[in-house]
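Please look over the sequence and the model shown here before reading the briefing.

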Amino acid sequence: MTSSRAHPAPRDRVAADETVEIAMTVNGTEATVAVPPRAHLADVLREQLGLTGTHLGCEHGVCGMCTIMVDGQAARACLLFAVQCEGAEIVTVEGLGTPDDQHPLQQAFSAHHGLQCGFCTPGMLMSSYDLLRSTPDVTAGELPEQMSGVLCRCTGYRGILAAVDDVATTYPDGVPGPKACGHRTLVGRGTGGGSGAGVPAEDVPAAAAPEQVRLPSGPPSAVVEVTSALRSPVDRVWAVLDDFDLLARCLPGARLTEVLDGDRYRGRAVVALGPVKLSFDGLAQVVERDPDAHRLRFHAQGADTGGSATQADVVLSAEAGPDGGTVLTAHADVHLTGRVAQFGRALAGDVSRRMFEQFAASVDEAAETGSVTAPGRGAQLRLLVGTARDTAAALARRGLGRVRARLRRR
């Protein structure tokens with residue numbers, strides 16, 4: 001794996017408040033990023049390229065969590081400036097294997113329970129890969145010392161050492177190379193200053209949209225039902241729901257990109273919650289359209305390049321309300337996986353609820369005017385503030401309930 005690529009000559013001095021453009025190959029994909037001269041490679045991998053498998057622990061090169069391969073050699077990403085890596089070939093844990101095609105080391109770590117919290121696992125995998133690539137005849141007795149460069153405090157190392165010894169025994173002539181290095185789209189985690197890419201999430205390519213909508217069989221991450229009173233009459237509201245292009249523009253951050261056969265639609269959605277911004281490419285399929293009952297049901301599925309995915313079963317129904325208006329009900333079973341699932345059920349439900357409230361307001365506008373005003377940053381701010389307010393209120397109610405329960409016990 002040692003690279004034969006000649007590194008370019010050093011650049012001229014760069015001011016601390018300037019950025020410099022560097023090109024490198026990461027997991028088989030050529031990437032060009034603009035970075036501050038003091039940006040560490042670990043931060044650039046995580047924030048600008050979305051490769052969050054490289055974990056940061058001590059940030060002093062001691063714990064080994066950020067171990068990666070640079071030009072065929074193990075290196076600590078927290079000790080390397082990104083500008084040092086012009087022309088380098090880099091392999092991170094994402095390049096080692098995929099969930100569907102795991103590297104033998106990944107399979108062995110799972111089989112021997114060589115992980116618990118998982119925080120050290122990427123460093124252990126990359127360190128053991130470097131060890132078995134350079135020293136395939138390492139013995140079980142040598143492993144404790146050879147693997148001591150990565151610290152772990154939850155598995156006791158026994159499962160880790162057993163996994164590495166298993167692979168060393170299975171592949172005496174050398175461990176297989178990375179299995180997931182190839183061309184792919186690398187997208188950062190957010191925008192703005194610091195080490196971020198500075199590219200709006202809606203302007204960067206997202207993951208390829210799925211060909212079919214598949215809903216998980218398990219329980220949803222969140223169940224959301226929002227009922228809104230609209231000023232517009234029910235027939236006009238249904239005209240919006242029945243026009244999927246106009247309907248998509250009512251969803252915050254969503255837009256339609258392609259109309260397919262079978263009442264299917266490709267689209268893109270950008271979800272922003274404070275500094276977290278995710279861009280999903282996905283597919284929606286209408287499974288029920290009842291003009292008489294003013295009821296629309298569709299399934300939606302999308303994914304982003306950072307490993308987040310969402311599926312939803314959405315039912316929209318409209319009925320005549322008082323004073324000639326409409327009562328619009330939106331019900332959604334939402335399934336979340338990947339980074340976006342770390343929001344938790346309560347927060348995911350709050351975010352979805354806020355989005356449906358904004359959606360209802362846009363539907364009312366579209367029913368009255370035939371068009372929708374694109375939500376600006378103010379709408380995203382209201383989403384964040386409203387969600388935070390609801391979460392704080394829920395926590396306050398929960399705390400008050402515990403206090404009352406204690407008083408009753410006394």
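What follows covers the chain as a whole, the confidence of the model, and then some of its elements in turn.

This is a predicted model, in which the protein chain holds 10 helices and 12 strands. The mean pLDDT of the chain is 80, and 75% of its residues reach 70 or more.

**Overall make-up**

- The protein chain has 410 residues, of which 45% count as buried.
- Its exposed surface comes to about 20,700 Å², with carbon and sulfur atoms supplying 50% of that area.
- Of the contacts between residues at least 6 apart in sequence, 62% join residues that are at least 24 apart.

- Where pLDDT is low, the predicted coordinates should not be read in detail.

**The hairpin of β1 and β2**

- Strand β1 (residues 20–26) runs antiparallel to β2, and 7 bridges join the two strands; A23, for instance, has T32 in β2 as its bridge partner.
- The hairpin leaves 2 residues between the strands, and N27 takes a positive phi near 50° there.
- Strand β2 (residues 29–35) has two faces, a covered one made of T29, A31, V33 and V35, and an uncovered one made of E30, T32 and A34, so that T32, the partner of A23, belongs to the uncovered face.

- Helix α1 (residues 41–48) is largely enclosed by the rest of the structure, because 6 of its 8 residues are buried.
- Just after α1, G50 takes a positive phi of about 70°.

**D313 in strand β11**

- D313 lies in strand β11 (residues 309–320), and it counts as buried because its relative accessibility is 12%, where the cut-off for buried is under 20%.
- The side chain of D313 makes a polar contact of 2.6 Å with that of R297.
- Apart from neighbours within four places in sequence, D313 is in contact with L215, R297, F298, H299, H331, A332 and D333.

Conventions
Residues are numbered from 1 along each chain as its sequence is written. Side-chain values use heavy atoms; hydrogens and water are left out. Buried means under 20% relative accessible area, exposed over 50%, partly exposed in between (1.4 Å probe, protein chains only). Helices (H or I, at least four residues) and strands (E, at least two) are DSSP runs, numbered from the N terminus. Two strands pair if DSSP finds at least two bridges between them. pLDDT is the predictor's confidence in each residue, from 0 to 100. Contact means heavy atoms within 4.5 Å. Accessible areas come from the Shrake-Rupley method with a 1.4 Å probe; for residues, only the protein chains shown count as cover. A polar contact is a pair of N or O atoms within 3.5 Å; within protein, one must be able to donate a hydrogen and the other to accept it, and residues adjacent in sequence count only if both atoms are side-chain atoms.
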